[in-house]
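I opened this model to look up its charged pairs and one of its helices. My notes follow the order in which I checked things.

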Amino acid sequence: MPSRFRRLDGALAELPVEEPMLLTELDGFLTGLIVCPEPIPVDEWMTVIWGVEADGVPPFEEPLDVQWFVKAVAARRDEIARDLSRDKLQPILDVDERDGEVLWEYWVDGFSDAIALRPDAWGGAAAAAE
């Protein structure tokens with residue numbers, strides 16, 4: 001895993017929330033935001049990442065940490081969007097070290113969190129597809 005992903009994973013783990021997102025969950029979440037039928041403002045979805053308990057205020061002591069975190073998340077979001085535009089999605093998935101099994105469920109949990117932000121938009125898109 002590249003060091004930028006390890007650093008982001010560490011930052012996620014250190015967020016003062018009950019259950020911080022794993023990197024693979026963040027990846028699924030960002031993918032869901034990108035493909036959502038309706039745009040979602042950054043200030044709304046970023047709160048999901050760093051915790052609604054923070055009342056929209058970034059839970060970092062240093063302004064530079066906030067800047068770094070937002071830029072790191074935005075860079076991964078842009079990378080996913082670029083991969084999707086090329087039909088070459090490369091999700092970050094955890095692997096169980098004991099047996100090598102891919103733990104895709106965490107990625108799906110993140111994607112589901114994105115869907116939960118706009119369930120009506122997704123329902124409308126599903127109805128239109130039928």
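I started with the salt bridges and found 7 in the structure. I counted a salt bridge where a side-chain nitrogen of Lys or Arg lies within 4 Å of a carboxyl oxygen of Asp or Glu. Side chains of opposite charge can pair when their charged atoms come close.

Before going on, I noted that this is a predicted model, where local features need pLDDT of at least 70, side-chain atom pairs count only at pLDDT 80 or more, and totals for chains, interfaces and linings use all residues. Residues are numbered from 1 along each chain as its sequence is written, and side-chain values use heavy atoms, with hydrogens and water left out.

**Entry: E79 and its partners**

I looked up E79 next. Its side chain meets that of R4 in a salt bridge, at 3.0 Å from N to O. This pair links distant parts of the chain, with E79 in helix α4 and R4 in helix α1, 75 residues apart. I took helices as DSSP runs (H or I, at least four residues), numbered from the N terminus.

Is E79 buried or exposed? It counts as buried, at 15% relative accessibility. For this I used under 20% relative accessible area for buried, over 50% for exposed and partly exposed in between, with a 1.4 Å probe and protein chains only. R4 is partly exposed, at 43%.

I then found a salt bridge between R76 and E79, at 2.6 Å from N to O. Both residues lie in helix α4, 3 residues apart, which is about one turn of the helix. R76 counts as buried, with 4% relative accessibility.

I followed the links further. R4, D27, R76 and E79 are joined in a network of salt bridges.

**Entry: R98 and D96**

I checked another pair. The side chains of R98 and D96 meet in a salt bridge at 2.7 Å, N to O. R98 is exposed, with a relative accessible area of 76%. D96 is buried, at 13%.

**Entry: helix α3**

I turned to α3, which covers residues 42-50. Which of its residues are buried? I noted W45, M46, T47, I49 and W50. The buried residues of α3 pack against α1 (3-13), α2 (23-35), α4 (63-85) and α5 (105-117); contact here means heavy atoms within 4.5 Å. Just after α3, I found G51 with a positive phi of about 105°.

Notes
Helix = DSSP H or I, 4+ residues; strand = E, 2+ residues; numbered from the N terminus.
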